[in-house]
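Please find below a colleague's note on the structure under review.

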Amino acid sequence: MKKIVFIACSVVFLLSTQLQAQTSKNKLSKTDKVMAKENIYQFKVQDLSGDTFDFASLKGKKVMIVNTASKCGLTPQYKDLEAIYKEYKDKGFVIVGFPANNFASQEPGTNKEIETFCQQNYGVTFPMMDKVSVKGDDMCDVYKFLTQKAKNGLQDSDVEWNFQKYLINEKGELVKVIKPRTLPTDPEVINWIKS
């Protein structure tokens, strides 16, 4: 009789342990799913004019986010950025620029100076946001999302220099990181926009 009770208790203990393990696994899966659902639409930022820009307004569009600078060897990329924006903006594509002064102090201007520079020199019409930090302790929340796998679900990355491009799909998910020297008109980018 004692053996039967012992075996029964052992079986109950094993089943209980398996149930706890399964419950923990299910909780982990739910957490993973929540992390995977994080997207760009949760953010609201200020544009160069001080107005609120809500990323949720871009649902259903492909988005390129790019950190910009006015005094960089790559600054002429503004011309290509504006060209692809004009060509594809009516086909579900938008560019969002974030001026940043993180690299060799190449974006020292105020928001107003940046806006004037972009319009006078490159005729920029795509949305340009308030100047932010894209690296370090004061990194803005949008770039924390873009650079941390725990938030974007794709990969960790560092912003290497001005004009690094982050490609976001129609669901607001990060899908690709494009290096600063790769032109916005590169076939890799254009093919992604058209796909």
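The points that follow treat confidence, the nonpolar core, aromatic contacts and selected residues.

1. Confidence. The model is predicted, with a mean pLDDT of 88 for the protein. Of its residues, 81% reach 70 or more. Residues 11-15 have a pLDDT below 50, and this stretch makes zero contacts in the model beyond near neighbours in sequence. Over residues 28-35 the pLDDT likewise stays under 50, and the model has two contacts beyond four places in sequence for them. Where pLDDT is low, the predicted coordinates should not be read in detail.

2. Nonpolar core. The largest nonpolar core comprises 52 residues. Phe 55, Ile 65, Phe 98, Val 142 and Tyr 143 have the most contacts inside this core. At least two core residues are supplied by each of S3, H2, S4, H3, helix H4 (141-147), S5, strand S6 (174-178) and helix H6 (187-194). Leaving out residues up to four places away in sequence, Tyr 143 touches Ile 65, Val 66, Asn 67, Phe 98, Val 134, Val 159 and Tyr 166.

3. Eleven aromatic pairs are present in the structure. One of them joins Phe 53 and Phe 55 in an edge-to-face arrangement, with 5.3 Å centre to centre and 85° between the planes. Both Phe 53 and Phe 55 are buried. These two residues belong to one aromatic cluster together with Phe 98, Tyr 143 and Tyr 166.

4. A pair between distant parts of the chain. Phe 103 and Trp 161 form a tilted aromatic pair, 5.1 Å centre to centre with 40° between the planes. The partners are 58 residues apart: Phe 103 lies in the loop between strand S4 (93-99) and helix H3 (111-122), and Trp 161 in the loop between helix H5 (149-152) and strand S5 (165-168).

5. Asn 162. This residue lies in the loop between H5 and S5. Its relative accessible area is 0%, and Asn 162 is therefore buried. The side chain of Asn 162 is joined to that of Gln 106 by a polar contact of 2.8 Å. Beyond its neighbours within four places in sequence, Asn 162 is in contact with several residues, including Asn 67, Thr 68, Ala 69, Cys 72, Phe 103 and Pro 180.

6. Thr 75. The loop between strand S3 (62-68) and helix H2 (77-88) contains Thr 75. Why does Thr 75 count as buried? Its relative accessibility is 3%, and the cut-off for a buried residue is under 20%. The side chain of Thr 75 reaches the backbone oxygen of Ala 69 at 2.8 Å. Apart from residues up to four places away in sequence, Thr 75 touches Ala 69, Ser 70, Phe 117, Tyr 122 and Phe 163.

7. Two lysines. Lys 62 lies over the face of Trp 192, at 5.1 Å from the ring centre. Lys 194 is found in helix H6 and is exposed, with a relative accessible area of 58%. The C-alpha atoms of Lys 194 and Tyr 88 are 8.6 Å apart in space, although the two residues are 106 residues apart in sequence.

Note on methods:
Residues numbered from 1 in each chain as written. Predicted model: local features only at pLDDT ≥ 70, side-chain atom pairs only at ≥ 80, totals over all residues. Heavy atoms only, no water. Helix = DSSP H or I, 4+ residues; strand = E, 2+ residues; numbered from the N terminus. Buried < 20%, exposed > 50% of the residue type's maximum accessible area, 1.4 Å probe, protein only. Polar contact = N/O pair within 3.5 Å; in protein donor to acceptor, adjacent residues only side chain to side chain. Contact = heavy atoms within 4.5 Å. Phe/Tyr/Trp six-rings, centres within 6.5 Å; stacked < 30°, edge-to-face > 60°. Lys NZ or Arg CZ within 6 Å of the ring centre and 35° of its normal. pLDDT = per-residue confidence, 0-100. Core = buried A, V, L, I, M, F, W, Y, C linked by side-chain atoms within 4.5 Å.
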